[in-house]
Amino acid sequence: KAVVSTQSTGIERKPVAFRPLVVPRNLQKSLPFKTKPKVQKKRKKELYLTKRAVVMEPGERRLTTLMQQLLTAQKDSDKKKLEKKKREREKHSQEVAKIEAKKSSKAKQERKKFYQKNAKKDNMEMD
């Protein structure tokens, strides 16, 4: 029995047609307007903008690409700033944790000394 490779034969799959999402009416009432499903009727005639291709003039095209490049650079720098701020926050929290650990150990030592002194006083008074 020969083994047939799926790479050589190819796999044919039926396209999956998903049914539209149906949100119950009582649930729709409780939803804010922003998240309510907005169903528009299909238009009999196409809109002017969907029929016509928008062709930009060379100056407009240059301006649009420049704006896209500027926005991309701004987003990148914002992302870098956020990363730096996050690293600094983590570093600061580690430093604060170290200081807190030192404080708590020092307080523990102080309590220990205090109770040792009190225990010695109590022992002397009982004798």
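**Notebook: surface patches and confidence**

Lys113, Lys117, Lys120 and Lys121 form a positive surface patch. I am working from a predicted model.

I picked one member of that patch, Lys120. Lysine 120 sits in helix α4. Is lysine 120 buried or exposed? Its relative accessible area is 59%, and the cut-off for exposed is over 50%, so lysine 120 counts as exposed.

I stayed in α4 for lysine 84. Helix α4 covers residues 58-126, and lysine 84 is part of it. Lysine 84 has a relative accessible area of 47%. Exposed needs over 50% and buried needs under 20%, so lysine 84 is partly exposed. I also checked a distance from lysine 84. Lysine 34 is 50 residues apart from it along the chain, and 34 Å separates the two C-alpha atoms.

Next I looked for nonpolar surface. Which residues make the nonpolar surface patch? I found Tyr48, Leu49, Val54 and Met56, with a patch area of about 480 Å². I looked up tyrosine 48 from this group. Helix α3, residues 48-51, contains tyrosine 48. Tyrosine 48 has a relative accessible area of 56%. That is over 50%, so I logged tyrosine 48 as exposed.

Last, I checked confidence. The mean pLDDT for the chain is 87. A score of at least 70 is reached by 92% of the residues. Where in the chain is confidence lowest? I found it in helix α1, residues 6-9, with a mean of 65. Confidence is highest in α4, at 93. Helix α4 is also where I placed lysine 84 and lysine 120.

How values were computed:
Residues are numbered from 1 along each chain as its sequence is written. This is a predicted model: local features need pLDDT of at least 70, side-chain atom pairs count only at pLDDT 80 or more; totals for chains, interfaces and linings use all residues. Side-chain values use heavy atoms; hydrogens and water are left out. Patches are made of residues with over 30% relative accessible area and no salt bridge: like charges are joined within 9 Å, nonpolar side chains (Val, Leu, Ile, Met, Phe, Trp, Tyr) within 5 Å. Accessible areas come from the Shrake-Rupley method with a 1.4 Å probe; for residues, only the protein chains shown count as cover. A salt bridge is a side-chain nitrogen of Lys or Arg within 4 Å of a carboxyl oxygen of Asp or Glu. Helices (H or I, at least four residues) and strands (E, at least two) are DSSP runs, numbered from the N terminus. Buried means under 20% relative accessible area, exposed over 50%, partly exposed in between (1.4 Å probe, protein chains only). pLDDT is the predictor's confidence in each residue, from 0 to 100. Lys and Arg count as positive and Asp and Glu as negative; His and the chain ends are not counted. The place of a charge is taken as NZ of Lys, CZ of Arg, CG of Asp or CD of Glu.
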